[in-house]
Amino acid sequence: APPEPVLRRRPGPSLVWLIPLLTALIGGWLIYRTLSEKGPALTISFLHAEGIEAGKTRIKYKNLDIGVVEGLRFSDDFARVLVHARLNKEAAPFLKRGTRFWVVKPSLGIRGVSGLGTLVSGAFIEIEPGQGAAETNFIGLEVPPVVAATEAGRRIQLVTTRLGSIDRGSPLYYQGILAGEVLGYEMANDYRSVLVHAFVKEPFDRLLRSSTRFWHASGVEVALGADGLRVQTESLQAMLFGGIAFDTPDAQDGASEDTDGLVFTLFDDRRSIEERAYASKARFVLHFQESVRGLAVGAPVESRGTR
């Protein structure tokens with residue numbers, strides 16, 4: 001008869017348990033990799049969600065995709081729309097307190113037609129990185145900014161009693177050269193004047209002095225003199241959409257280069273600036289024996305052809 005088999009128990013765990021162990025390790029590694037490569041989440045508040053779709057609307061910087069919108073919901077008071085989005089991991093340093101967001105879509109303005117590419121690809125959210133502490137909750141801009149935060153220049157304020165055809169994005173000229181743009185406007189505290197916010201680009205901002213004069217460059221100036229008919233305008237764009245021109249006298253006593261906090265006067269035209277150039281004035285009472293028909297208030301007083 002054959003010998004009886006000898007049964008012995010193998011020490012240690014069974015090889016069968018290697019399969020679920022390897023599965024758990026691979027699953028844990030995949031979870032870790034997904035979480036480690038996942039970018040930061042953020043919330044952007046807009047007045048409306050026109051053109052924004054969850055899972056489709058992209059967040060772009062310099063026309064490169066850096067994130068996507070994950071969801072939309074109302075705020076607690078239903079006054080605004082909260083856009084929940086997530087950026088790529090490498091875009092995490094962009095989330096600063098000064099960062100700005102706005103929706104890019106087709107629009108027609110003073111600058112012309114913009115955002116035509118969105119007719120095919122759809123609207124997207126543009127990001128402009130800013131400075132400051134880390135932040136994840138932002139208030140989006142309803143209109144794109146006129147001037148980028150990184151553009152060199154100086155912001156100024158103008159006060160006028162007549163806004164005219166000046167609007168957001170209107171050009172600012174110096175000797176016929178585009179030197180800046182209008183950022184916006186608002187009513188002054190007295191409700192009789194209008195404050196115009198403008199931006200002067202570099203290097204034209206170096207020309208700003210306390211003696212700098214600004215005037216409306218809209219429309220066409222027509223003058224008839226000894227040399228014939230003279231027609232003058234800053235540019236066709238300023239004639240159609242409005243604009244502002246400025247100039248700084250070459251030399252003027254007491255002119256300061258520090259214009260921080262200074263509000264400049266926006267004159268109706270350049271001629272009105274010349275009328276106010278006379279600092280010393282004297283009043284007279286004139287008696288005429290002849291008729292003064294045709295003489296009106298504001299008529300010039302001249303001596304040998306000089307006003």
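This is a predicted model: local features need pLDDT of at least 70, side-chain atom pairs count only at pLDDT 80 or more; totals for chains, interfaces and linings use all residues.
Is R206 buried or exposed? R206 is exposed, with a relative accessible area of 56%, where exposed means over 50%, buried under 20% and partly exposed in between (1.4 Å probe, protein chains only).

Residues are numbered from 1 along each chain as its sequence is written, and side-chain values use heavy atoms, with hydrogens and water left out.

**View 1. An open sheet of seven strands, with mixed pairing.** Reading across, the order is β5-β8-β2-β3-β4-β1-β9. The edges belong to β5 (100-104) and β9 (137-139); each has a single partner strand, so one side of each is left without a neighbour in the sheet. From one strand to the next the twist averages 30°, taken between lines fitted to C-alpha atoms, with angles running from 0 to 180 degrees between N-to-C directions. Strands here are DSSP runs of E, at least two residues long, and helices are runs of H or I, at least four, both numbered from the N terminus. Two strands pair if DSSP finds at least two bridges between them.

View 2. Look for W102 with its bridge partner E126, and for V103 with I125. β5 is mostly covered, with four of its five residues buried. As a reminder while looking at side chains, in a regular strand they alternate between the two faces of the sheet.

**View 3. R100 and its surroundings.** R100 sits in strand β5 and is partly exposed, at 22% relative accessible area. Leaving out residues up to four places away in sequence, R100 touches E126, I127, E128, L141, P145, V147, A148 and A149, a contact being heavy atoms within 4.5 Å. I44 is 56 residues from R100 in sequence, and the C-alpha atoms of the two are 9.6 Å apart.

View 4. A search of the whole structure finds nine salt bridges, each being a side-chain nitrogen of Lys or Arg within 4 Å of a carboxyl oxygen of Asp or Glu. One of them joins R80 and E142, with the closest N and O atoms 3.8 Å apart. K201 and E151 form another salt bridge (4.0 Å, N to O). E151 is partly exposed, at 31%.

**View 5. Back to R206, now with E202.** The side chains of R206 and E202 meet in a salt bridge, 3.5 Å from N to O. While R206 is exposed, E202 is partly exposed, with a relative accessible area of 44%.
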